[in-house]
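Okay, thanks for coming, everyone. Let me put the structure up, and then I'll walk you through a few spots in it.

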Amino acid sequence: MNNLHSLIGKQVELEVSGKVMLAGILVDVGLDIIVIYNGKEYFYIPHLHIHNIRLSTNPSAELLGVTPELPFDEDDMISYRKTLTNAKGRFVEIYVTGNKSIHGYVTAILNDYFVFYSPVYKTMFISLNHLKWLTPYQTNITPYTLGNEVLPVKPTDIPLQRSLEEQLKKFEGQLAVFDLGDHPMKIGLLKQVQNNIIELVTASGESVFWKIIHVKTVHLP
């Protein structure tokens, strides 16, 4: 998407996976991620989830003449993995599945997933393939106005594996929730993980087999 550089500084509209429409100033373009600013927030959006992007047909008068500065210090071209690294320990909002955003902070980045701490869901494992966008908080603001004493710097002592499949194998025999529990068949006992397929036993005792590539988020209740 290097040809998008011609749109930097201009107001654009784009469609993101899930038929979500976003609009704002295109601030930066990286190898696999872009940044837009809507006048209040910055959206870091991986190319993977951009369906189309175009000049805004109804530009906002409030954004005319605005020259936003990136919230992260960027020495060279931005990238998806570098953005997650810069976000570590900083409060952010992420959008992954359904119409729910998740608030918290990135704690680790592995081969095909990252670890996220949410005050609501606690430690989460999120596929790198399914993050739609990331929005950094303004400084001095915390999720739900919680104090730092309930937002631990090192929220988990779980040993981390390089791949999501290997990580999930460590949770065999435990209850797990996929994709924030947006479907009853995504909540159950994680019975076995093998060859990129998860066997999950639901509350009714039924076994459901999920392809790992389609699992967006995992957390243990």
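Before we start, one term: when I say contact, I mean heavy atoms within 4.5 Å. And keep in mind that this is a predicted model.

With that, let's look at Leu-164. Which residues does Leu-164 contact, leaving aside neighbours within four places in sequence? Those are Asp-112, Tyr-113, Phe-125, Ser-127 and Ile-212. Leu-164 sits in helix H2, residues 164-169. Is Leu-164 buried or exposed? It's buried, because its relative accessible area is 2%, and the cut-off for buried is under 20%. Also, Leu-164 and Leu-110 are 54 residues apart in sequence, yet their C-alphas are 8.3 Å apart in space.

Okay, on to the largest nonpolar core, which has 25 residues. The ones touching the most other members are Leu-84, Ile-94, Phe-114, Phe-116, Leu-131 and Leu-134. Helix H1 (80-87) gives two or more residues to this core, and so do several strands, including E6 (92-97) and E8 (113-118). As a general point, nonpolar side chains in soluble globular proteins tend to be buried together.

Let's zoom in on Leu-131. Leaving aside neighbours within four places in sequence, Leu-131 is in contact with Pro-46, His-49, Tyr-80, Leu-84, Ile-94, Tyr-95, Val-96 and Phe-114.

His-49 from that list lies in the loop between E4 and strand E5 (50-55). His-49 counts as buried because its relative accessibility is 7%. Not counting residues up to four places away in sequence, His-49 touches Glu-15, Val-16 and Ser-17, and also Asn-129, His-130, Leu-131 and Lys-132.

Notes: Residues numbered from 1 in each chain as written. Predicted model: local features only at pLDDT ≥ 70, side-chain atom pairs only at ≥ 80, totals over all residues. Heavy atoms only, no water. Core = buried A, V, L, I, M, F, W, Y, C linked by side-chain atoms within 4.5 Å. Buried < 20%, exposed > 50% of the residue type's maximum accessible area, 1.4 Å probe, protein only. Helix = DSSP H or I, 4+ residues; strand = E, 2+ residues; numbered from the N terminus.
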